[in-house]
Amino acid sequence: MDKSKRLLLKSKRSFRKRLPPIQSGDRIDYRNMSLISRFISEQGKILSRRVNRLTLKQQRLITIAIKQARILSLLPFLNNEKQFERSESTARTIGLRTRNK
């Protein structure tokens, strides 16, 4: 194939335009739990800007809102389910070790 045909093949690819995760009407606030919860991982961590597809200003506002919601105990700092499972399994192994001795 020559170069002109390669360029035409590449240009025929269609790219899906991604919609922004925050619409212009959405207000970034610590009370807007439905919006905030989309930007938190299952472990309770704040997702990065690349994953969220947010602008720098939006990411800063989301981060501040999440931290305010955590301080006011609207959101947990950690997901307790994962922490409980881990502590329960370690307790079992510790109990087994002490019994065997």
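Let's call a residue buried when its relative accessible area is under 20%, exposed when it is over 50%, and partly exposed in between, using a 1.4 Å probe and protein chains only. This is a predicted model, where local features need pLDDT of at least 70 and side-chain atom pairs count only at pLDDT 80 or more, while totals for chains, interfaces and linings use all residues. Residues are numbered from 1 along each chain as its sequence is written, and side-chain values use heavy atoms, with hydrogens and water left out.

Start with the overall layout. The chain has five helices and zero strands, running α-α-α-α-α from the N terminus on. Here helices (H or I, at least four residues) and strands (E, at least two) are DSSP runs, numbered from the N terminus. Of the 101 residues, 19% count as buried. As for contacts (heavy atoms within 4.5 Å), take those between residues at least 6 apart in sequence: 49% of them join residues at least 24 apart. The chain exposes about 9000 Å², and carbon and sulfur atoms supply 55% of that; accessible areas come from the Shrake-Rupley method with a 1.4 Å probe, and for residues only the protein chains shown count as cover.

Now to the loops. Gln43 sits between α2 (33-36) and α3 (49-52), and it counts as partly exposed because its relative accessibility is 40%. Leaving aside residues up to four places away in sequence, Gln43 touches Leu78 and Asn79.

Leu78 has 47% relative accessibility, so it is partly exposed. Together with Ile71, Leu72, Leu74 and Phe77, Leu78 makes a nonpolar surface patch of about 540 Å².

Ser73 counts as exposed because its relative accessibility is 62%. Have a look at Arg53 too, in the loop between α3 and α4: its phi is near 60°, a positive value in a residue other than glycine. At 40% relative accessibility, Arg53 is therefore partly exposed.

Terms used:
Patches are made of residues with over 30% relative accessible area and no salt bridge: like charges are joined within 9 Å, nonpolar side chains (Val, Leu, Ile, Met, Phe, Trp, Tyr) within 5 Å. A salt bridge is a side-chain nitrogen of Lys or Arg within 4 Å of a carboxyl oxygen of Asp or Glu.
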